[in-house]
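Keep the structure open beside you as you read.

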Amino acid sequence: MSLIRALLLAVLLLPSALTAGLSAEEASTAIALFDSNTLAGWRYGPEAPHGWQMADGVLHGEQGVTPLLSGWTWGDVELAFRWSTSSGGELTLSLPEAPAGQQGLALTLAESDHAGGLSQGDQKLFAGAKLGAGAEGWHDSVLRREKDRLSLTIDGQPWFEIHVPAKARYGLGLAIAKGEAKLSTLRASEPAGEPIFNGKDLSGWWTPGNLAGWGATPEAIVCLNKNGNYLRTEKEYANFTLSTTYKMAQGGNSGVGIRTARAGWPSGDGMELQLLDEKPGKPLTRHSTMALYGNLEPIAKADRSEDWNRLVIKAEGYMISAWVNGVLVQQVNTSRLPEL
């Protein structure tokens, strides 16, 4: 088992359920599954994908492109996205079952009489229906999985609701069967998880240093000094999604340790996802916010200095991903980093 712990030097931690004062967008649990101009998060497998173009957050491709597979899987989730196809075009969203990658489900999106068709192998679960014109050619869709229910809405209209195995976990793949297709604003929202801070005291947390160096208020865990010791959870985690908000002083230096033995030091014995208050415009390094400290720089910067920042870290086996304020800032298959 792996242990997640937080090194929070001059940092405040706020549970995502306690977001008083934040805007609806800031308090949202939605995370972007597309980087603005790269295929980060979708470069998965032995060969790099080809034929796709990503620009300003819009993914474009045509028949013959390499199918894409995301680096993430979900249980309950809401996937919101916009899509469009050429006349006769057909975009496929696949939901392979995880972790073994069984065939799973396939959703067909097209400007045709069979839009929104859902199949499992050769079995048609929903034949699809005629799709009206979208706004400027785009269709806003929401695919929602909740326990044993999977449903789809397109342009605000219910499309289908079917039963799925309650314990199944799904990945996400993209392919173009015919013509051309575009996909944008692909975002995922998972339901709130189990709180690891009770809003009263540091029950469930420990440190090999002085626990009095840390404080708890109804709103946050607060670092009271800089003794260099990590505050650690008593509970151990294997695969997990951590969602929180944090705030640090100007010039603050901190981090979140994962995949580390109980008495280990994350940046040496495990992994540390860095938190560092840097001036805007500085080049991203292996010490920038959400770098795998000393090993891999982040792919983007989205944190705000001396302000609350929403942080999501998702760890699934070798796949480590992170979002700050909803923006994908780190995504890596750590099996390709021998030092980790």
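Buried means under 20% relative accessible area, exposed means over 50%, and partly exposed covers what lies in between, using a 1.4 Å probe and protein chains only. Lys235 is partly exposed by this rule, because its relative accessible area is 45%. Before going further, please note that this is a predicted model, in which local features need pLDDT of at least 70 and side-chain atom pairs count only at pLDDT 80 or more, while totals for chains, interfaces and linings use all residues. Residues are numbered from 1 along each chain as its sequence is written, and side-chain values use heavy atoms, with hydrogens and water left out.

Stay with Lys235 for a moment. Lys235 forms a salt bridge with Glu194, with 3.5 Å between the closest N and O atoms; the term asks for a side-chain nitrogen of Lys or Arg within 4 Å of a carboxyl oxygen of Asp or Glu. This pair joins distant parts of the chain: Lys235 sits in the loop between strand S21 (231–233) and strand S22 (240–248), and Glu194 in the loop between strand S17 (180–189) and strand S18 (205–206), 41 residues apart. Strands here are DSSP runs of E with at least two residues, helices are runs of H or I with at least four, and both are numbered from the N terminus. Glu194 counts as exposed because its relative accessible area is 62%.

Thr233 belongs to strand S21 and is buried, with a relative accessible area of 3%.

How many salt bridges does the structure hold? There are 11. Side chains of opposite charge can pair when their charged atoms come close. Two of these bridges bring us to strand S12. Glu78 and Arg144 meet through their side chains at 2.6 Å, N to O. Glu78 lies in strand S7 and Arg144 in strand S12, so this bridge ties together parts that are 66 residues apart in sequence. Both ends are partly exposed, Glu78 at 27% relative accessibility and Arg144 at 32%. Asp76 and Arg145 also form a salt bridge, at 3.9 Å from N to O. Here Asp76 is in the loop between strand S6 (68–69) and strand S7 (77–85), Arg145 is in strand S12 (residues 139–146), and 69 residues separate them. Asp76 is partly exposed at 24%, whereas Arg145 is buried at 5%.

Arg144 and Arg145 are among the residues that line the largest cavity, along with others including Trp74, Val77 and Tyr170. A cavity, on a 1 Å grid over the protein atoms alone, is a set of points where a 1.4 Å probe fits but cannot get out, and lining residues have an atom within 4 Å of a point. The volume of this one is about 90 Å³, and the structure holds four cavities of 30 Å³ or more. Strand S12 gives the largest share of the lining, three residues.

Now turn to the rings. Phe34, Trp42, Trp72 and Trp323 form one aromatic cluster. Rings of Phe, Tyr and Trp (its six-membered ring) pair if their centres lie within 6.5 Å, with planes under 30 degrees apart counted as stacked, over 60 as edge-to-face and the rest as tilted. The count comes to six aromatic pairs. Phe34 and Trp42 make a tilted one, 5.8 Å centre to centre with 55 degrees between the planes. Phe34 is buried at 9% relative accessibility, and Trp42 is buried at 1%. The planes of Tyr230 and Trp265 stand at 85 degrees with ring centres 4.7 Å apart, so this pair is edge-to-face. Tyr230 is buried at 0%, while Trp265 is partly exposed at 36%.

Terms used. On a 1 Å grid over the protein atoms alone, a cavity is a set of points where a 1.4 Å probe fits but cannot get out, and a pocket is an open set with protein on both sides within 12 Å along at least five of seven lines; lining residues have an atom within 4 Å of a point. Grid points are joined across faces, edges and corners, and a volume is the space filled by probe spheres set on the points.
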